Amino acid sequence: MLDLYWVAFKSVFCFLNMCIFVKILSKKGITKIDYRMKNLKERILELKKEKNAVILAHYYQEADIQDVADYVGDSLGLSQEAMKVDADIILFAGVHFMAETAKILNPSKKVILPDLKAGCSLAESCPPEDFKKFTEAHPDHIVITYVNCSAEVKALTDIVVTSANAVKIVNSIPKDKPIIFAPDKNLGKYVMEQTGRKMLLWDGACVVHEAFSLDKLIALYKKNPDAQIIAHPESETHILKTANYIGSTAGMINYVKTNPSNKFIVATEAGILHKMKQEVPDKILIPAPSNEDNTCACSECGYMKMNTLQKVYDCLLNETPEISVPDDIMKKALIPIERMLELSK
Ligand code: SF4
């Protein structure tokens, strides 16, 4: 009987302790979810050390993932960083083609991706078999592809570009050489306008950057006439026409840091706002609205958002899913990526 009283006493004691603990946490503004996330972040950081791994994350990843990364950047920065990694494992928090590029640039490392289904509408718009036929039909053309494509498409390419260096690289091609530009027609149109070069464009697009609503953007600007509009060149021409600045994600971050304006309307994937807020905490950053009436009033990439903090943890723990690229494709795809890195210096 005494034992029963003792067990009951202990249970009540534990319950009260738990209540006090939860109360302290909520007084400090820490919810149960915050606490679990904090725990998960700490476990990821421990696991990273234990496994000798680095985490490379794209600006479009959710904020919690960016917080545990060793490097956060755009496609160009991530490629340059992937090449330098000498840890055993690269966990790539981004989409499939980015992890593939890291593997091609640093093949002796184990490259893992939290969700293998994290693809890209641009990469999917350019199936390698169709692209091969397209290039074969224009054998005199230099083939330039935006990095947002599969390793197989890169293997059919002369020079890869990112949004940060596309204009510079196209300008470096002799004027008499005709050019195929794939897969992003919007970036292609922008590059044609900037360089004055006519290019043969592949008909691909990014669903996230095509989702911006011009009408809502104009309405938003009317309410914020003191704002600067900044846009990624994957956006459609009518959106780019409204912009005070057009550039890659890294370029956009640099612009909000250096431009004296205090308010910006940002037309790219909303994940970038996390990094921007860290860089310019006192400035006002408003995401450009999408056609869809969603709760964030912004445009988010469903592929990028397939990666979660829990998946990052599981991926590091199990060292899977792993990225593999066939040797022959890897060798062929490396050449145009290295050309890009060389021309970006
Ligand atoms: S934002 Fe667009 S280009 Fe970038 S990964 Fe998503 S679908 Fe692809």
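## A parallel sheet

Ile 144 has Phe 181 of E7 as its bridge partner (strands are DSSP runs of E, at least two residues, and helices are runs of H or I, at least four, numbered from the N terminus). Helix H10, residues 185-195, packs on the sheet and touches E5, E7 and E8; here contact means C-beta atoms, placed from the backbone, within 7 Å. The direction of H10 makes about 165° with that of E8 (axes are lines fitted to C-alpha atoms, for helices over the stretch in contact, with angles from 0 to 180 degrees between N-to-C directions).

The sheet is open, with four strands in the order E6-E5-E7-E8 and parallel pairing; to pair, two strands need at least two DSSP bridges between them. E6 (159-161) and E8 (199-201) sit at the edges with a single partner strand each, so one side of each has no neighbour in the sheet.

## About the model

This is a predicted model, where local features need pLDDT of at least 70, side-chain atom pairs count only at pLDDT 80 or more, and totals for chains, interfaces and linings use all residues. Residue numbers start from 1 along each chain as its sequence is written.

## Helix H14

In H14 (residues 272-279), Ile 272, Lys 275 and Met 276 are the buried residues, meaning that 20 or more other C-beta atoms, placed from the backbone, lie within 10 Å of their own. Down the helix axis they fall within an arc of 100°, so they line one face of H14 (the arc is that of the directions from the axis to the C-beta atoms). Their packing partners are helices H3 (63-68) and H13 (249-258), plus strands E2 (71-73), E11 (263-267) and E12 (284-287).

Definitions and conventions. Contact = placed C-beta atoms within 7 Å. Buried ≥ 20, exposed ≤ 12 C-beta atoms within 10 Å, placed from the backbone.
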